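Here is a brief report for a first look at this structure. It takes the domains, then their interface, then the ligand.

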Amino acid sequence: MHKVVSIEENLSISEFKMFQKLIYNDIGISLADHKRTLVQSRLRKWIREFELANYQELYEKIANDNSGQMLMMLVNAITTNVTSFFREESQWIYLQNNLTEIFDIKNKRIRIWSAACSSGQEPYSIIIFLKEHLKNFDEWDIKILATDISEEILLKATSGIYVKKELEGMPKNILIKYFNGYKDESFMVKDEIKQYVVFRTFNLVTGDFSIFKNNFNIVFCRNVMIYFDRQTQNQLFEQFAKLLEKKSRLFIGHSESIHQKNYTYKLVAPSIYKLN
Ligand SMILES: C[S@@+](CC[C@H](N)C(=O)[O-])C[C@H]1O[C@@H](n2cnc3c(N)ncnc32)[C@H](O)[C@@H]1O
């Protein structure tokens, strides 16, 4: 017989701190104190679902889960996957105006990393953009690496299937050109776009950056640094710097910034940096 679990207690400050520490140490996400009620509402649900007695038992279940699945559930619960095609229009306009400066016309080789790509709209936008704006697109050797910490969101990204609402604002000619109709008023990115994108899991805080053998022409790292503290952000910027070269660019989210005292980068347009 199932145990009937009723847990209505609030997550105490000390219990919250315990989860805060676990999340920071194992995922790198710095949870602000005001997130206590959000965390509480998510965790309470799990305590019922897993038929546990209290937050301490849940903590132990997560901390002792060697598969990492529980930790992943936690990441999905406390971060947002919100994204959209061609997000942050000014950055695409910048890219269009600076294509020939950023990319090597002679070698015709492009490597771009969409770090924290969520459900895939960002990397697919990049390829669609290049198809639309790069002269002689078919002559170029192009690869987009798209990574995220969440395996679950990467499954959606890999499927390339989006409902109508997720495609709002997409010009009709682009939709027709690069998507096939799928069932129930949804659409699937065509293989001719998908083939350029490789999806992988990667934790930007705890991941091993030495696995990247090539320099990237652009790193998109947008709307994820909000979860990291300044120190973690600075470490991440230094890791990116090792993977960029003189002409490369780093694109970040509009609500994010690189610390003013950072001498590695210089701002070249809103939320766009290059190496100093
Ligand atoms: C708001 S989405 C940003 C998507 C896209 N870059 C954009 O700007 O539209 C944030 C993503 O960051 C991912 N994320 C959170 N912490 C991460 C970490 N430590 N390493 C890698 N990805 C992380 C989440 O899973 C989520 O998909």
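The chain splits into domain 1 (13-78) and domain 2 (89-275), with bounds from an automatic or database domain assignment. This is a predicted model: local features need pLDDT of at least 70, side-chain atom pairs count only at pLDDT 80 or more, and totals for chains, interfaces and linings use all residues. Residues are numbered from 1 along each chain as its sequence is written, and side-chain values use heavy atoms, with hydrogens and water left out.

The centres of domain 1 and domain 2, taken over C-alpha atoms, are 30 Å apart. In domain 1, 12 residues contact 12 residues of domain 2 (contact means heavy atoms within 4.5 Å). About 880 Å² is buried between domain 1 and domain 2, and carbon and sulfur atoms give 50% of that area. Buried area is the accessible area (1.4 Å probe) that two parts lose on being put together, summed over both.

Five residue pairs are in polar contact across this interface of domain 1 and domain 2 (both at pLDDT 80 or more). A polar contact is a pair of N or O atoms within 3.5 Å; within protein, one must be able to donate a hydrogen and the other to accept it, and residues adjacent in sequence count only if both atoms are side-chain atoms.

The ligand is surrounded by 22 residues, and T83, R87, A116, D148 and N223 are the closest (the cut-off is a heavy atom within 4 Å).

| Residue atom | Ligand atom | Distance |
|---|---|---|
| R87, polar side-chain atom | oxygen | 2.7 Å |
| N203, side-chain N or O | nitrogen | 3.0 Å |
| R222, backbone N or O | nitrogen | 2.9 Å |
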